[in-house]
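Me: Could you walk me through the aromatic rings in this one? I'd like to see how they pair up.

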Amino acid sequence: MKLSRLGEFGLIDRIRRRTPIGRGVRIGIGDDAAWVENSSGSSLVTADLLIEGVHFNLHWTSLFDLGYKALAVNLSDIAAMGGVPAYVILSLGIPANFDSEQIEAFYRGFNALAMKCGVALVGGDTNVAKALIVSVCVIGHAPYRPIRRNSAKVGDDIYITGTVGDSALGLYMLQRRMPGLKRPPLAKLLARHHRPTPRLDAGAELAKNRLATAMIDVSDGLMRDLEHICRASGTGATIWAERLPLSRAYQTLADKVGTGYALSGGEDYELLFCARPRHRGRIHDLAQRLHLPMTRIGVCARSADGLVVINAVGKPVSVRLKGHDHFIKP
């Protein structure tokens with residue numbers, strides 16, 4: 001079957017079903033990170049591939065920002081499991097016309113976030129390629145039981161950290177070369193696109209306090225990633241559009257763009273998680289302590305109800321569940 005028909009997630013599911021569970025593997029393909037045993041206990045392992053022309057465009061992305069983001073998106077997977085990152089392996093496919101200054105700029109951005117998050121770059125590989133290719137593998141550990149996607153229950157609250165839609169709206173503006181991009185508040189949207197913040201502290205605290213029943217990072221779009229949780233948990237979901245946390249920068253353009261980018265845009269790398277209603281007070285207190293909004297945006301429903309978005313007057317809103325899929329054209 002052609003990949004354009006099977007799709008990215010269909011391919012992943014096919015690989016998962018055909019891959020035997022190896023010795024020492026506690027959680028394999030299907031979650032944000034793997035969970036494997038080692039001599040000192042267990043590890044969380046995640047990897048990501050970024051390809052020029054597919055995931056980034058060097059016409060509007062600096063090498064420093066690319067290095068920063070390449071690590072951030074992998075750290076976000078560790079955060080989504082409630083883990084703590086420790087080591088990173090970085091491999092690059094580099095076009096022959098690149099120079100050393102460009103690669104040094106990439107590593108400066110990469111190391112800036114690595115130092116901030118206490119992650120050690122321990123190895124990797126380089127080779128020549130027709131386009132810039134970035135392969136990152138992060139190895140961490142799970143001080144508490146990892147939070148998976150498959151344990152949400154009907155009636156669970158649905159939360160999102162931070163704000164959503166900024167990255168996708170920033171990319172939209174870059175692609176159309178809209179004026180005023182370097183001035184506030186629009187510059188905030190670009191910063192969120194180029195240098196996302198992995199929510200490591202929030203993920204670890206949610207795991208430590210056993211507050212989240214299921215969790216995922218928002219990389220492919222809020223609705224697409226919520227669909228992953230619902231499929232794994234056997235539930236549906238209802239989202240209240242008026243409760244979506246939108247930044248001030250997003251709100252300046254909300255009358256023109258609506259909530260589409262917040263629902264389906266992707267690359268926010270916020271944590272989307274489910275929790276029992278009895279934990280609302282504890283989640284509120286945690287958000288206050290971390291100085292990070294954790295907004296209750298919906299509720300888990302029966303699987304038969306599907307995924308529904310409700311507007312301010314209680315009526316269903318038509319949402320195109322697109323998100324991001326590497327093999328299916330939009």
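**Rings and their partners**

Me: How exposed is Tyr-107?
Reply: Bear in mind that this is a predicted model. Partly exposed covers the range between the buried limit of 20% and the exposed limit of 50%. Tyr-107 falls in that class, with a relative accessible area of 23%.

Me: And Phe-106, buried or exposed?
Reply: Buried means under 20% relative accessible area. Phe-106 comes in at 1%, so it counts as buried.

Me: What kind of pair do the rings of Tyr-159 and Phe-273 make?
Reply: Look at the distance of the centres and the angle of the planes, because those describe a ring pair. The centres of Tyr-159 and Phe-273 are 5.1 Å apart, and their planes sit at 5 degrees. Planes under 30 degrees apart count as stacked. So the Tyr-159 and Phe-273 pair is stacked.

Me: Which residues do ring pairs link into a cluster?
Reply: The whole structure has four aromatic pairs. Some ring pairs join up into a cluster, and its members are Phe-106, Tyr-107 and Phe-110.

Me: Which ring has the charged end of Arg-195 over it?
Reply: A charge over a ring has to be within 6 Å of the ring centre. The charged end of Arg-195 is 5.9 Å from the centre of its ring, which belongs to Tyr-68.

How values were computed: Residues numbered from 1 in each chain as written. Predicted model: local features only at pLDDT ≥ 70, side-chain atom pairs only at ≥ 80, totals over all residues. Heavy atoms only, no water. Phe/Tyr/Trp six-rings, centres within 6.5 Å; stacked < 30°, edge-to-face > 60°. Buried < 20%, exposed > 50% of the residue type's maximum accessible area, 1.4 Å probe, protein only. Lys NZ or Arg CZ within 6 Å of the ring centre and 35° of its normal.
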